[in-house]
Structure formats: C-alpha cells, structure tokens
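Q: I would like a close look at a single part of the model shown below, with its surroundings and its confidence taken into account.

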Amino acid sequence: MVMILAVINETELVTRAQNGERSAFSELVCIHVQGVRNVIYRMCGDVQIAEDAAQETFIQAWMHLSSYRPQTSLCSWLYRIAVNAATDILRKEKRILPNALEDLQLKDPQPGPEAILSQAERTSLLQKAVLSLPDASRAVLVLREYEEMSYQEIADALDIPVGTVMSRLNYARKLLKDKLKQKLFLQMEAEHV
Amino acid sequence: MSKHVTDWLNAYLDGELHGSQLHHAEAHLAECQVCEAELRSLERLSSLLHEISAPEFTSPERFAAQVNLRLPRQQTAISGKKILEIGWWMVPVGLLGVWIFIGTAFVLSDILSAANNFGLLSGISNWLSFGSSNGIYLSSTLGQAGLLSGNSLNWAEATETFTRMSLPQISLQISIALLYLSWIAIWWARHTRHQRQQHGQLLEG
C-alpha cells in the first residue's frame with residue numbers, strides 16, 4: 001500500500017515538475033539522490049566527483065524532463081543520465097585510478113594466508129578492481145550488484161538488449177575474478193578454513 | 001551428466017532463470033562439482049563487492065537546495081509540449097467554431113436568397129448572396145439548346161440547385177462531424193493507454 005502511494009506521489013511530482021514546478025522537482029531529487037550518487041560513486045570511486053556528477057545528472061534531468069515518458073521508471077531514466085555523466089567525467093579526468101590496482105598487487109607478489117590484508121586495503125583493492133573494468137561492463141555490474149536491478153531494468157536504463165546485459169555482466173564478473181583471484185579469493189578461502 | 005551450465009550461472013545467481021532453464025540448471029548443479037564450484041566463486045565475488053560501503057554524502061535536502069540554485073530559469077523544452085497540449089484541446093473548440101460559422105453563413109445566405117426572391121434586396125443582392133443570383137447554368141443552357149424541356153428540365157434545375165446550394169453545406173457538416181469523431185476516438189485511445197500505464201506502474205510498484 002505504501003509502495004502504491006509512493007508511485008502515485010512520484011507520478012504526481014513528475015507531472016508538476018514537468019509543468020515547471022521547482023519544489024516538486026526538489027522532492028524528486030531528495031527521493032532519488034542517494035541512488036544516483038551511489039551509482040556514480042561506484043562508477044568513478046570519488047566522493048567529490050560523485051557529488052558533482054550527481055548535480056549534473058539532476059540538472060540534465062530537469063532540462064530534459066519533458067522527454068521523460070511515464071511508462072519507463074524514473075529511477076532507470078535517472079540512472080541512464082547518471083551513468084553517462086559518470087562516464088563523461090571519467091573521460092575528462094583521464095581515469096587515473098585503475099592503474100593503481102597493479103601497484104597494489106606488486107607490493108605483495110606472493111599472496112597467501114599469511115598475507116592477510118587489512119579491511120581498508122581490501123576495500124581499496126576491490127574498488128580499484130571495479131574501476132579498472134571497461135565502462136560499459138562496470139555500469140551493468142554496478143546496477144546489478146549495488147542497485148539490485150533486474151536484467152530488464154538494466155536493459156531499459158542503459159537502452160541495450162537484455163542479452164547484452166547478460167554478456168557484459170558475465171564479462172565483468174569474469175574479469176573481476178581474474179583480477180582478484182590471487183589476492184582476495186585465496187584470502188577468503190584461508191579465512192573459511 | 002548433462003552439458004555444463006557455466007553460461008547460465010550468472011543469471012542463476014541473479015535469479016533471472018525461470019521455467020525449464022531453472023530446472024535444468026538446478027538439476028545440473030546438483031550433480032556437477034565444476035559448475036557448483038564456479039557458482040560458489042561467483043557468490044564469493046558478489047559478497048566481496050558488497051564490502052565496498054557507500055561513503056557519506058551531503059544530506060539529500062542540502063543537495064537538492066544546491067541543485068535548485070543551479071537549475072536554469074526556464075524549461076524551454078516544456079513550452080513546446082505545452083503548446084502542443086493546448087493545441088490538442090483546442091481542436092474540438094476550433095471544429096465547433098468552424099461548424100457554427102459555416103452554419104451561420106449558410107443560414108444567412110438562405111435568408112438573403114429568400115429576401116432577394118421577394119425583391120427586398122434588389123440593389124445589393126448580387127454581391128451579398130452568392131450562388132442564388134447567378135441563376136442555373138447547366139440545366140438552363142441545356143434547356144435553351146432544346147436538349148431538356150418540361151419535367152426533365154424542372155428536375156435538372158432542382159437537382160442543380162440542390163447540388164450547388166445544399167450539397168456543400170451537407171458535405172462540410174459531415175466532414176466536421178467526422179473530424180470531431182476522429183478526435184474523440186484518438187482522445188479515448190490516449191485516455192485508455194494512459195490508464196493502462198498507470199495501472200501497470202501500480203502493479204510494478
């Protein structure tokens with residue numbers, strides 16, 4: 001019941017915002033900002049960049065709100081803009097982060113149960129591994145793993161076929177497993193023994 | 001043992017397999033250690049990825065206020081849509097206006113024609129009442145040529161008068177009625193589609 005009311009409320013807010021009502025748009029921003037910032041953060045790995053790109057996302061959304069069609073989810077529509085904003089920003093920032101993955105791996109050439117990483121190191125390694133993925137695969141992975149969207153929702157959000165979602169997701173996970181195999185997988189197995 | 005289901009494991013993990021594919025994958029996983037191990041590694045990867053926690057951002061309200069300050073003053077794209085929407089609702093009003101105008105014009109024309117026949121508008125009838133003062137062209141020409149006479153000439157004159165005076169009026173009114181009915185049909189289709197979309201959204205919600 002609460003969900004139904006929320007959908008009705010959102011539809012009404014969208015209509016009011018499409019008529020130029022800023023307060024209605026601000027309410028929509030409050031509802032979706034967390035998801036949008038999370039997606040961008042997972043895409044680019046920097047809090048400040050995520051804040052800036054999220055602002056850009058909502059400004060773009062406001063400017064193109066008339067082209068939004070209620071038959072698609074507003075969330076998916078915003079995520080599409082967010083992913084594009086994140087990709088643009090990474091292109092401008094010359095993507096410095098991903099190479100750091102190799103640096104971190106080189107510090108410890110012989111991983112094993114004795115070389116347990118600290119939580120911070122582990123998180124950093126994971127994040128860098130995610131950031132080193134190709135943009136298209138990373139976007140699909142982020143929407144699936146962190147936003148828990150279905151394949152169809154991801155396909156709608158990124159405007160790609162469901163089959164492409166599946167292949168990109170398979171590719172992203174395979175790459176990540178390969179990148180993290182030496183470090184984290186062995187460590188996890190050691191922790192479970 | 002059936003063929004490995006490695007290609008389906010991601011979809012299986014994400015709950016995207018259904019029906020026979022799901023049964024097949026489950027049956028295979030129950031007996032294949034290779035695919036089972038692959039599935040476990042995918043699960044480990046997923047749990048690892050969730051170790052990256054989301055950072056602290058500014059509050060949504062503050063963020064919304066910052067965005068609000070940067071929003072352009074006008075949504076130029078909306079004005080076009082609004083104009084289209086207003087135009088759409090003006091269609092039946094316009095059709096009604098045209099119908100009233102044409103009806104009035106024909107009634108006035110008939111009144112002037114009748115007045116002319118009674119000789120009340122002898123001086124100005126030629127330019128006020130179109131059609132009626134011009135006489136009957138074809139039938140009278142045929143009568144003068146001796147091709148029509150008597151009853152057939154009267155029928156031809158009556159038919160020509162009807163064709164020239166009443167037929168345009170009837171045709172125009174039918175055209176307006178058809179346009180109006182088409183507008184109602186399109187409105188109904190749009191209305192039904194909109195209701196279906198809202199219903200779909202509620203169900204998805």
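In which helix is the place of L167(B)?

A: The place of L167(B) is in helix α8 of chain B, residues 150-204, where helices (H or I, at least four residues) and strands (E, at least two) are DSSP runs numbered from the N terminus. This is a predicted model, in which local features need pLDDT of at least 70 and side-chain atom pairs count only at pLDDT 80 or more, whereas totals for chains, interfaces and linings use all residues. Residues are numbered from 1 along each chain as its sequence is written, chains are lettered from A and ligands numbered from 1 in the order in which they are written, and side-chain values use heavy atoms, with hydrogens and water left out.

L167(B) counts as partly exposed because its relative accessibility is 37%, a class that lies between buried (under 20% relative accessible area) and exposed (over 50%), with a 1.4 Å probe and protein chains only. L167(B) also belongs to a nonpolar surface patch that it forms with F162(B), I170(B), I174(B), L178(B), Y180(B), L181(B) and I184(B), and together these residues have about 720 Å² of accessible area. Accessible areas come from the Shrake-Rupley method with a 1.4 Å probe, and for residues only the protein chains shown count as cover. Patches are made of residues with over 30% relative accessible area and no salt bridge, with like charges joined within 9 Å and nonpolar side chains (Val, Leu, Ile, Met, Phe, Trp, Tyr) within 5 Å; a salt bridge is a side-chain nitrogen of Lys or Arg within 4 Å of a carboxyl oxygen of Asp or Glu.

As for confidence, chain B averages a pLDDT (the predictor's confidence in each residue, from 0 to 100) of 80, and 82% of its residues score at least 70. In chain B the mean is highest in helix α1 (residues 9-13), at 93, and lowest in helix α6 (residues 125-128), at 55. Over residues 129-133 of chain B pLDDT stays under 50, and the model has seven contacts (heavy atoms within 4.5 Å) beyond four places in sequence for this stretch. For the complex, the predictor gives an ipTM of 0.79 and a pTM of 0.61.

In chain A, V130(A) lies in helix α6 (residues 119-131) and counts as buried, because its relative accessibility is 3%. Beyond its neighbours within four places in sequence, V130(A) is in contact with residues that include L49(B) and I52(B).
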